[in-house]
Amino acid sequence: MRQTWRWFGPHDLTSVDDMRQAGVEGVVSALHHVPTGAVWTDEEIRKRQSEISRMKDGSASGLSWDVVESLPVSEAIKKQKGDWRAHIANYKVSLENLASAGLQTICYNFMPVLDWTRTDLAFRVGHGGTTMRFDHIDFAAFDIHILQRGGAAESFGPEVTEAAGARFAGMSEERKQQLAANVTAGLPGSTESMTTQEVRQHLAEYDSIGVDALRANFIAFLEEVTPVAERLGMRLCCHPDDPPFPLLGLPRIMSTADDYAVILDAVDSPASGMTLCSGSLGARPDNDIPAIMRQFAPRVHFLHLRNVTLETPGMPASFHEAEHLGGGTDMVALIAEIVAEEARRKAEGRADHQIPMRPDHGQDIVDDLGRDGQPGYPIIGRLKGLAELRGVMTALTHPSMARVPA
């Protein structure tokens, strides 16, 4: 695996120097300041590459921009409303510009309205550090009592609705405001977030868009952009829903292996594939992450390695971000599947035999606490995660493993 690190640009509290000291091999970044649906220009792309290439003292960093995360898909495209055709045309131009700068791997998602969603961004865990958390009852309290979505109470059922009512009644005004801000925060690093009124407006426009319609819109998008990516030698990789179950009455169509099979079969091209996020998929107890890696191995173009602990049975479940080798996903088994796929690709002569990976998220520990960094992206917590993942990778690929009896 090629070890990468997510960087949000010059304002990121983690510097290029820090990434070098972490020992990463490449950088995952995006032009978060460019409005969704607009063209990523050559000038802005080259500027970000230049920022990554230099350390604080001006010397060469030796790092390159390896993966784009994300080139976002607009709500207009997802709904096929408004300027959606212009946005698809702009997306194609952005792909052309990225390819001309040497970028080949493009991560994106097709989640309606909300991207990744958490109810707590600094939930305290047993060792005293903090982590991100999704509490199903808190989310129900937001949906029913803050957003006041029509039909919300019925969608949760009487038991959850009653618990959410009690939870909301005990919340301070500050907590209510914080909960709403957490849920509607938007993409990591993005300058765009939504008010509850804007969320309501989007939901109203999704009234006539169910699972089948959203999936059809997704396939239509891929039918437009995948031939461009294929011609340019690029790899588009869709991130799973996070969390991987319906929210706010909206359809979620990239939550399971079956979901991916439908999309990848519909637009069957090596240029269209998966971002395998073990944390997002791991928030469903019925997702077997090593098996999913094995099933889609040839079309896994990017890896997010993280773990979650499910706090409640069934689905949807409450969960929190665990340590990278903790939680419910067998990370050693998953990495073993990845190593096997990389060996197979190398034997085939595939240029992309080394799959880019980043240690996704991390718990805030030690100096992360009080740093007020990007939620989910602490420097020390990710360093710890990368070290743990690197240890597993090193052990599984060590020459001595070839002599271990099966």
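The second largest pocket has a lining of 14 residues, and those nearest its centre are R2, Q104, T105, R235 and Q354. The model is a predicted one, and the points below are grouped by topic.

**The second largest pocket**
- The space in the second largest pocket is about 240 Å³.
- Strand β3, which covers residues 65–69, contributes the most to the lining of this pocket, with 3 residues.
- The lining of the second largest pocket comprises 5 nonpolar, 5 polar and 4 charged residues.

**Cavities**
- There are 6 cavities of 30 Å³ or more.
- The largest cavity holds about 150 Å³ of space.
- This largest cavity is lined by 21 residues, with R6, E69, W116, H239 and H304 closest to its centre.
- By class, 8 residues of the lining of the largest cavity are nonpolar, 6 are polar and 7 are charged.

**The chain as a whole**
- The secondary structure of the chain consists of 15 helices and 12 strands.
- Along the principal axes, the C-alpha atoms occupy a box of roughly 55 × 50 × 50 Å.
- Of the 406 residues in the chain, 55% are buried.
- Among contacts with a separation of 6 or more, 71% are between residues 24 or more positions apart.
- The chain has an accessible surface of about 16500 Å², and carbon and sulfur atoms account for 52% of this surface.

Definitions and conventions. Residues are numbered from 1 along each chain as its sequence is written. This is a predicted model: local features need pLDDT of at least 70, side-chain atom pairs count only at pLDDT 80 or more; totals for chains, interfaces and linings use all residues. Side-chain values use heavy atoms; hydrogens and water are left out. On a 1 Å grid over the protein atoms alone, a cavity is a set of points where a 1.4 Å probe fits but cannot get out, and a pocket is an open set with protein on both sides within 12 Å along at least five of seven lines; lining residues have an atom within 4 Å of a point. Grid points are joined across faces, edges and corners, and a volume is the space filled by probe spheres set on the points. Helices (H or I, at least four residues) and strands (E, at least two) are DSSP runs, numbered from the N terminus. Ala, Val, Leu, Ile, Met, Phe, Trp, Tyr, Cys and Pro count as nonpolar, Asp, Glu, Lys and Arg as charged, and the others, Gly among them, as polar. Buried means under 20% relative accessible area, exposed over 50%, partly exposed in between (1.4 Å probe, protein chains only). Contact means heavy atoms within 4.5 Å. Accessible areas come from the Shrake-Rupley method with a 1.4 Å probe; for residues, only the protein chains shown count as cover.
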